Amino acid sequence: MSRPSKIVIASRESRLAMWQAVHVQSRLSSLNPGSEVVILGMTTKGDQILDRPLAEIGGKGLFIKELEVAMQEGKAHLAVHSMKDVPMVMPEGFVLAAISARENPRDAFVSNKYAGLDALPAGAVVGTSSLRREAILRAKYPQLVIKSLRGNLDTRLKKLDAGEYDAIILAAAGLIRLGLKDRIKSVLTPEQSLPAPGQGALGIELVEGDAAMAEVVAPLNDTETAHCVKAERAFSRALGGSCQVPLGGYAIIDHGQLWLRGFVATVDGKEMVSAELRGNPADDEALGRQLAETLRAQGADAILAKLACHA
């Protein structure tokens with residue numbers, strides 16, 4: 001199949017999103033000499049509405065809708081996303097064609113005053129935009145005050161620096177990618193804070209049926225990361241559907257086996273069920289569904305029933 005003369009990447013315009021798009025642009029340029037690879041920067045609804053938690057305004061799909069419209073209209077060929085921002089059920093007419101190698105998938109503790117979560121005094125204000133992190137913090141550190149924190153990475157750091165929060169929890173991957181590793185006081189272990197499905201990985205979204213572009217982006221797919229992220233997403237999909245659910249799902253390849261851990265909780269952290277399993281990486285999505293069934297057997301359905309669904 002002949003190489004396209006021009007490849008257009010749709011991206012959000014936040015600094016982190018643009019870093020991700022430039023990263024993919026660089027890789028595609030080296031893989032397709034002679035092709036012009038350009039970035040179409042766009043502002044999404046998720047970037048515009050910053051005064052309310054994501055769960056209230058429609059969830060993570062708000063970060064990708066405008067990019068999908070650009071692809072549908074032929075203005076762009078592909079979109080680059082943080083995998084943790086991609087809805088668990090892909091919109092009709094679109095596919096995830098590649099998942100690239102993962103950066104550090106863990107959560108990072110960022111503070112100007114304290115070395116880690118255990119050093120925070122009672123009443124300290126911790127910012128996060130994630131129901132998953134909120135549930136974990138409320139379960140393990142009930143003495144802390146958890147406040148919603150929206151905005152892009154730079155905005156969140158500015159709010160911390162202005163003294164609005166004593167500490168904030170962010171994805172380590174974003175800080176590392178933007179050269180802000182020195183802001184990380186400590187990286188939380190999966191035992192402390194189980195990551196979100198797909199955290200640290202980038203996904204390439206295409207219009208379904210675009211065989212030429214699927215061939216172009218195929219070399220960006222990292223098999224090991226893809227198995228892990230597919231298992232995590234299948235686990236989340238089997239429990240969450242379209243609801244905003246405090247849920248963690250994290251897989252690694254360990255001694256040739258896929259090791260998947262997961263939990264689901266109420267937002268106040270008072271009820272939580274968790275489990276783990278190991279299996280063949282090739283069975284990624286089946287393992288995700290199996291872990292979800294294990295949690296259901298432990299009482300996950302009762303927790304899910306208590307969570308209001310923001311349709």
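Contact here means heavy atoms within 4.5 Å. The model on screen is predicted.

**Stop 1: the sheet.** Select β2, β1, β3, β10 and β4, in that order. These five strands form an open sheet with mixed pairing. Now colour the edges: β2 (36–42) and β4 (94–99), each of which pairs on one side only. On average, neighbouring strands are turned by 30° against each other, direction ignored.

Stop 2: Which residue in β10 is the bridge partner of F94? Pick V207.

**Stop 3: the helix across the sheet.** Select helix α1, residues 15–31.

**Stop 4: a helix pair.** Move to α9 (residues 223–240) and α10 (residues 284–297). Two packed helices are described by the angle between their axes and the distance between the axes. For α9 and α10, the axes cross at roughly 40° and come within 7 Å. The crossing is right-handed.

**Stop 5: the residues between them.** Show side chains on both helices. On α9, select H227, K230, A231, A234, F235, R237, A238 and L239. They meet D284, E285, G288, R289, L291, A292, L295 and R296 of α10. Colour this contact by class: eight residues are nonpolar, six are charged and two are polar.

Definitions and conventions: Residues numbered from 1 in each chain as written. Predicted model: local features only at pLDDT ≥ 70, side-chain atom pairs only at ≥ 80, totals over all residues. Heavy atoms only, no water. Pairing = 2+ DSSP bridges. Helix = DSSP H or I, 4+ residues; strand = E, 2+ residues; numbered from the N terminus. Axes fitted to C-alpha atoms, helices over the stretch in contact; angles between N-to-C directions. Left-handed = near helix turned anticlockwise from the far one by under 90°. Nonpolar A, V, L, I, M, F, W, Y, C, P; charged D, E, K, R; others polar.
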